[in-house]
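User: I'd like to go through this model with you, starting with one residue and then moving on to other topics. Here it is.
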Amino acid sequence: LGFQYEYWNRDIDNGGKYGYDEVYDILFLDFGTSIIYQFSRSSKIFFSVMGEFPLLITESVDLASRGQGGPSDINLEPEPNIGLNMELGATTYGVFLSFYLDYLLFSKSAFDQGFHQPESDRTVISMKLGYTFSIN
């Protein structure tokens, strides 16, 4: 059980004249479990699954900064849904490898100044590779 905060600022259209800037703030309540199987002192595999419930989701959109003619202060709050986060990995002799999935569905927001966030999702798929060590 824990808390997680995410912030991201994304540029729709990569600075193009038809794009806009969007800023998200999300505060999550996280809950889940992990299973670890230790083969030997130096090797283990693990699987983690976690639910993420957004306590707060805010989205700010600025349509005026690129000459769109729209407002600069659109504030949206997509409806929260429980997200899913899973990771499967292994460690042996300090080498760490895992595969990671993070999924969250954003439900449609209410309208603000004639604009809304339609239903959308965020999906992150990644691989982590590293080396762990200790200093005695």
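User: Leaving aside neighbours within four places in sequence, which residues is Ile57 in contact with?
Analyst: Ile57 is in contact with Asp25, Ile26, Leu76, Glu77, Pro78, Glu79, Pro80 and Phe106, where contact means heavy atoms within 4.5 Å. Please keep in mind that this is a predicted model, in which local features need pLDDT of at least 70, side-chain atom pairs count only at pLDDT 80 or more, and totals for chains, interfaces and linings use all residues. Residues are numbered from 1 along each chain as its sequence is written, and side-chain values use heavy atoms, with hydrogens and water left out.

User: Which residues make up the largest nonpolar core?
Analyst: That core has six residues, namely Tyr24, Ile26, Phe28, Ile57, Leu104 and Phe106. A nonpolar core is a set of buried Ala, Val, Leu, Ile, Met, Phe, Trp, Tyr and Cys residues joined through side-chain atoms within 4.5 Å, and buried means under 20% relative accessible area, exposed over 50%, partly exposed in between (1.4 Å probe, protein chains only).

User: And which elements give two or more residues to this core?
Analyst: Those are strand S2 (20-40) and strand S6 (95-106), strands being DSSP runs of E, at least two residues, numbered from the N terminus. The largest share, three residues, comes from S2.

User: Changing topic, what is the phi of Asp13, and where does Asp13 lie?
Analyst: Asp13 has a positive phi of about 80° although it is not a glycine, and Asp13 lies in the loop between strand S1 (2-12) and S2.

User: Is Asn14 buried or exposed?
Analyst: Asn14 counts as exposed, at 73% relative accessibility, whereas Asp13 is partly exposed at 39%.

Terms used: Helix = DSSP H or I, 4+ residues; strand = E, 2+ residues; numbered from the N terminus.
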